[in-house]
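Subject: A structure for you to explore

Hi there,

Here is the structure I promised to pass on to you. Please open it next to this email, and then read on for what was found in it.

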Amino acid sequence: GAGWPGVILAYRDRIALPADAAVVTLHEGNTPLVAARHLSELTGCEVFLKVEGANPTGSFKDRGMTAAITAAVAEGSRAVICASTGNTSASAAAYAARAGLTSAVLVPRGKIALGKLAQAVAHGARILQVDGNFDDCLELARKTAAEHPVTLVNSVNPVRIEGQKTAAFEICDALGRAPDVHCLPVGNAGNITAYWRGYREYAADGVVPAAPRMFGFQAAGAAPLVLGRPVADPETVATAIRIGSPASWAGAVAARDESDGLFHAVTDKDILAAYRLLARKEGVFVEPASAASVAGLLATASDGRLPAGSLVVCTVTGHGLKDPDTALLGMPEVEPLPVDPGAIAAALELV
Ligand code: F0G
């Protein structure tokens, strides 16, 4: 294809993949870094949004999946498996379809957003709804992959992290430096691990003078990293990060400690307030989990832990269309109007 080649070819010399691997790509990455005027005013910082919903399947997972599926094909694998709260399964299903592989996805029953399920169905994944949560699904996927000829494409597969770290490269390339602070939602903790790797590599090679402080935000009902212990029954409106036992726990703690960062829990109420603010004031429609980074931005700006004047990037991880049910919550039933200009004007209170 022409134009942007996707994250692996864009950063080929920085991605640990066999040199002769045939790259499976949907031209993911190169996502917008949007100046957030309203959030900048509210916080006294210079805030940008890294809009990962603009990826081919609508989330940041595509960055890791191009790498994972490329590696799986290079190894001669015929089938892939993952556990997912929805976005990983949508991405795995799409990239597996493109590569001609079979995909199987294990999802917590009733706890994945409608758009994500629709994607897995559309791409022809074998969908296994499990009577358990994400943590149960991941354990089942790991056991299945350990005992059968099927490749695990969750972020415990290190090649996923290699792909996902490219978001940090893009941000530095766009800003000409790293931000002072990077905010992101944390669930299974692969993404914070990947960003930190990307920033560290650019800083170590002198591409940027310094790496940012990493601020990781979890939903209050699913905040194992904030609490310092696993959560048996995680619960939150942000189903993407409804995770009690993050696989990349050590990577997340290293990112926080090495960067002088922090973890913080945000309530569902604050997540939904940030979700609405993003859509209504910035014009950026994200899924609830993505809004956790902005809820955390606002919380740490008001409690003083985010210094005024900072250059801040918030990753908004997934598109709002992933979860139409949350967008429509509380929408009143309305009678359709007659084909009559007067009725339209009256409905809009113009007369
Ligand atoms: N935001 C969204 C929209 C996600 O889908 C996820 C993770 C996260 C944030 C958290 O990222 O797990 O790397 O800390 N979703 C996974 C999935 C668990 O199955 O799609 P993380």
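Let's start with a pair of helices. The axes of helix 4 (residues 87–99) and helix 5 (residues 114–122) come within 8 Å of each other and cross at roughly 20 degrees. Here helices (H or I, at least four residues) are DSSP runs, numbered from the N terminus. Axes are lines fitted to C-alpha atoms, for helices over the stretch in contact, and angles run from 0 to 180 degrees between N-to-C directions. Helix 4 and helix 5 are therefore roughly parallel, a term for angles under 35 degrees.

Which residues make the contact? On helix 4 they are N87, S89, A90, A93 and A94, and on helix 5 they are K116, Q119 and A120. Two residues are in contact if their C-beta atoms, placed from the backbone, lie within 7 Å. By class, this contact has four nonpolar, three polar and one charged residues. Ala, Val, Leu, Ile, Met, Phe, Trp, Tyr, Cys and Pro count as nonpolar, Asp, Glu, Lys and Arg as charged, and the others, Gly among them, as polar.

Two notes before you go further. Residues are numbered from 1 along each chain as its sequence is written. This is a predicted model, in which local features need pLDDT of at least 70 and side-chain atom pairs count only at pLDDT 80 or more, while totals for chains, interfaces and linings use all residues.

Now the whole chain. The domain assignment gives domain 1 (7–59 + 160–328) and domain 2 (61–157), with bounds from an automatic or database assignment. Their centres, taken over C-alpha atoms, are 21 Å apart. The contact takes 43 residues from domain 1 and 37 residues from domain 2. On the domain 1 side, helix 7 (158–164) is one of the helices supplying at least two residues, and helix 7 gives the largest share, five residues.

Enjoy exploring!

Key: Parallel < 35°, antiparallel > 145°, perpendicular 65-115°, else oblique.
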